[in-house]
Amino acid sequence: MLVSGRPRLLRGVDRHELAAAMDDLSDEAVAALVARGFPPPVAAASLADIPRKLELYGELVDDDWLLAVFTGRVVTLGRLQFEVVPSRFGRNVHIPETGPLTPESVDDAFARAAEWFHDGAPLVCESWVFDDRLHDLPATSNLRRFIERFDVPPTASNSDGALSVAKFVFRSTPERVAAAPLRPHATALERIAYTALTGEGVWSKPLATLLPR
């Protein structure tokens, strides 16, 4: 959930051929993660993100992200994904599309990460979910409770953030979202995002740091 909304294409590589190759080699990719010490269920859950992203986002999928998952640079520990090697800011956390983001499932994911990673890197998340507009979500919403776990710095809105929120909320582009009416019975998240995309057309992607609990 935390990758850029702008699809990045590998030069000279056909996406369908890339996806087919990953599918053919999926057993080997799982085995490689297991060989590095990850339990088989973790390895399988990690690689499952590739077909999920392809199905959900189609032409909007980020090829670099698919390769990161395929090569074991991103692993799924319970409800969240974690980059194995931290950046200079910390270990990046991502939110896969695997169901409700309940506080209990998030607690479990962070506990698993603490058991696996011992380098002391802080957990960070650069994502559209930390735009301050989402403080208008109900206090009881799972996403709002996830947001409140993090220290979120003020961050300017821009077109890259708009690409992300359009992709991850609507499975679309800002232009397509703005050109269509909001669906009946839209969620609170969809209403907030739609208002922004049809208004100024920008959104923010703060780099947030997990607060100690």
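Analyst: The crossing of helices H8 and H10 is left-handed. The model in which this crossing is seen is a predicted one. Two packed helices are described by the angle between their axes and the distance between the axes. Here, the axes of H8 (residues 159–170) and H10 (residues 188–198) approach to within 11 Å, and they cross at roughly 145°. On the H8 side the contact is formed by Ala-162, Val-165, Ala-166, Val-169 and Phe-170, while H10 supplies Leu-189, Glu-190, Ala-193, Tyr-194 and Leu-197. Sorted by class, these are nine nonpolar residues, no polar residues and one charged residue.

Arg-171 lies in the loop between H8 and helix H9 (174–179). Most residues other than glycine have a negative phi. Arg-171, however, is not a glycine and has a positive phi of about 55°. This residue counts as partly exposed because its relative accessibility is 34%. His-185 belongs to the loop between H9 and H10, and its phi is likewise positive, near 60°, in a residue other than glycine. With a relative accessibility of 76%, His-185 counts as exposed.

In soluble globular proteins, nonpolar side chains tend to be buried together. The largest nonpolar core of this model has 57 residues, and those touching the most other members are Leu-80, Phe-82, Phe-110, Trp-128, Leu-134 and Phe-146. H10 gives this core its largest share, six residues. Beyond its neighbours within four places in sequence, Phe-146 is in contact with Leu-80, Ile-95, Leu-101, Val-106, Phe-110 and Phe-130.

Apart from residues up to four places away in sequence, Leu-137 touches Leu-143, Arg-144, Ala-188, Leu-189 and Ile-192. Leu-189 is also one of the H10 residues in the contact with H8. By contrast, Asp-24 lies 113 residues from Leu-137 in sequence and 42 Å from it in space, C-alpha to C-alpha.

Six strands form an open sheet in the order E1-E2-E3-E4-E6-E5, with mixed pairing. E1 (74–77) and E5 (150–151) are the edge strands; each has a single partner, so one side of each is left without a neighbour in the sheet. E4 and E6 (residues 207–210) run antiparallel and are joined by three bridges. Within this pair, Val-124 stands opposite Thr-209, and Glu-126 stands opposite Leu-207. E5 pairs with E6 in the antiparallel sense as well, over two bridges, and Asp-151 has Thr-209 as its bridge partner in E6.

Arg-149 is found in the loop between H7 and E5, and it counts as buried because its relative accessible area is 7%, under the 20% limit. Leaving aside neighbours within four places in sequence, its contacts are Pro-103, Val-106, Asp-107, Phe-110, Thr-209, Leu-210, Leu-211 and Arg-213. Among these contacts, Val-106 and Phe-110 are also touched by Phe-146.

Technical notes
Residues numbered from 1 in each chain as written. Predicted model: local features only at pLDDT ≥ 70, side-chain atom pairs only at ≥ 80, totals over all residues. Heavy atoms only, no water. Axes fitted to C-alpha atoms, helices over the stretch in contact; angles between N-to-C directions. Helix = DSSP H or I, 4+ residues; strand = E, 2+ residues; numbered from the N terminus. Left-handed = near helix turned anticlockwise from the far one by under 90°. Contact = heavy atoms within 4.5 Å. Nonpolar A, V, L, I, M, F, W, Y, C, P; charged D, E, K, R; others polar. Core = buried A, V, L, I, M, F, W, Y, C linked by side-chain atoms within 4.5 Å. Buried < 20%, exposed > 50% of the residue type's maximum accessible area, 1.4 Å probe, protein only. Pairing = 2+ DSSP bridges.
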